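Visitor: I am new to reading protein models. Could you walk me through this one with questions and answers?

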Amino acid sequence: GRPCFLKYTQGAGMAQFVKQDNEAMLDGRLEGFVPRIIESRVDDHRAYYLTEFMCGSRPVEHVLDERVMGILIRMGGLDLAYDDRLGAYRSMAHGDFCPWNIHAYEGRLVVVDWEFKDMKPLGHDLFTFLIQSNLLIGRQRMIIDILEEHEADIRYYFNVFGVRHWKPYLQLYLQDRCNSPVLARMLQEKHRLVCDMVREMDLGTEGRVRYRTVRQQGKRSQKA
């Protein structure tokens, strides 16, 4: 037979994480970019699942290509609804949509480790892919540079859902990361610094961020 992947845990807390993972792989709406599940069993104290074994490569950089964007848009449309209390749209989110959770396998991209799947403000996975990935791997580039480089991609993503101004969603994402109980304190602090910086961004009438002004102000403050 073909090799398989087994994930098993016991204890109420950890079993809940595996349950989330298992539910995602059984969700027919995610078919095509989650592992094919062979067998699973979940109860209150233990859980396991058996899936196809993927020996594909993992991206080492957060390259937002058409295939990744396609997955993000498809997930963004799942359970999409406007939250009056939040004043924003929410949808299903992977919760940790980073390169190390994406495999290139048999001609398709497969997303694994759905333990943090939840309803989040629209764009949560997009900003995770661009920002959190950079805080943990890569060249540790300036967040402003990353947002500037991908501004067209960000605007395209939100335009698909009829959202013109994306800065409020970026702020909601950063607030979520700053207060996340599953993130290490060091990573929370990094997101908090980014959150403070984003508050100073100036949005023009078309929703475009005037990055140059922010960057110049930062350089002047460093010289002072």
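Visitor: Which residues does Ala24 touch, not counting residues up to four places away in sequence?
Guide: This is a predicted model, where local features need pLDDT of at least 70, side-chain atom pairs count only at pLDDT 80 or more, and totals for chains, interfaces and linings use all residues. Residues are numbered from 1 along each chain as its sequence is written, and side-chain values use heavy atoms, with hydrogens and water left out. Contact means heavy atoms within 4.5 Å. By that test, and with residues up to four places away in sequence not counted, Ala24 touches Leu30, Val34, Trp114 and Lys117.

Visitor: Is Ala24 buried or exposed?
Guide: Buried means under 20% relative accessible area, exposed means over 50%, and partly exposed lies in between (1.4 Å probe, protein chains only). Ala24 has 1% relative accessibility, so Ala24 counts as buried.

Visitor: Where is Ala24 found?
Guide: Helices (H or I, at least four residues) and strands (E, at least two) are DSSP runs, numbered from the N terminus. Ala24 is found in helix α1, residues 12-26.

Visitor: How many helices and strands does the chain have?
Guide: The count covers the whole chain of 224 residues, of which 46% count as buried. The totals are 8 helices and 8 strands.

Visitor: How many residues are in the largest nonpolar core?
Guide: A nonpolar core is a set of buried Ala, Val, Leu, Ile, Met, Phe, Trp, Tyr and Cys residues joined through side-chain atoms within 4.5 Å. Those with the most contacts inside this one are Leu30, Phe97, Phe127, Tyr157 and Phe158. The largest nonpolar core has 44 residues.

Visitor: Which helix gives the largest share of this core?
Guide: In soluble globular proteins, nonpolar side chains tend to be buried together. Here the largest share is 6 residues, and it comes from helix α2.

Visitor: Which residues of α2 are buried?
Guide: Helix α2 runs over residues 66-76. Its buried residues are Val68, Met69, Ile71, Leu72, Ile73, Met75 and Gly76.

Visitor: At what angle do α2 and α5 pack?
Guide: Axes are lines fitted to C-alpha atoms, for helices over the stretch in contact, and angles run from 0 to 180 degrees between N-to-C directions. The axes of α2 and α5 (residues 151-160) are 10 Å apart. The contact is made by Met69, Leu72, Ile73 and Gly76 of α2 and Asp153, Tyr156, Tyr157 and Val160 of α5. The angle is about 30°.

Visitor: Which residues does Phe158 contact beyond four places in sequence?
Guide: Phe158 is listed with the most contacts inside the largest core. Leave aside its neighbours within four places, and Phe158 is in contact with Leu122, Gly123, Leu126, Phe127, Val163, Trp166 and Tyr169.

Visitor: What does the side chain of Ser91 reach?
Guide: Ser91 sits in strand β5, residues 88-93. At 2% relative accessibility, Ser91 counts as buried. A polar contact is a pair of N or O atoms within 3.5 Å; within protein, one must be able to donate a hydrogen and the other to accept it, and residues adjacent in sequence count only if both atoms are side-chain atoms. At 3.3 Å, the Ser91 side chain reaches the backbone oxygen of Gly76.

Visitor: What is the phi of Asp79?
Guide: Asp79 is found in the loop between α2 and β4 (81-83). With a relative accessible area of 39%, Asp79 is partly exposed. Its phi is positive although Asp79 is a residue other than glycine, with a value near 60°.

Visitor: What about the phi of Asp113?
Guide: Asp113 is found in the loop between β7 (108-111) and β8 (118-121). At 28% relative accessibility, Asp113 counts as partly exposed. Asp113 is not a glycine, yet its phi is positive, at about 55°.

Visitor: How far apart in space are Pro99 and Val111?
Guide: Pro99 lies in the loop between β5 and β6 (102-105). Its relative accessible area is 0%, so Pro99 is buried. Pro99 and Val111 are 12 residues apart in sequence, and their C-alpha to C-alpha distance is 9.1 Å.

Visitor: What separates the C-alpha atoms of Arg177 and His124?
Guide: Arg177 lies in helix α6, residues 167-178. With a relative accessible area of 5%, Arg177 is buried. Arg177 and His124 are 53 residues apart along the chain, and their C-alpha atoms are separated by 9.8 Å.
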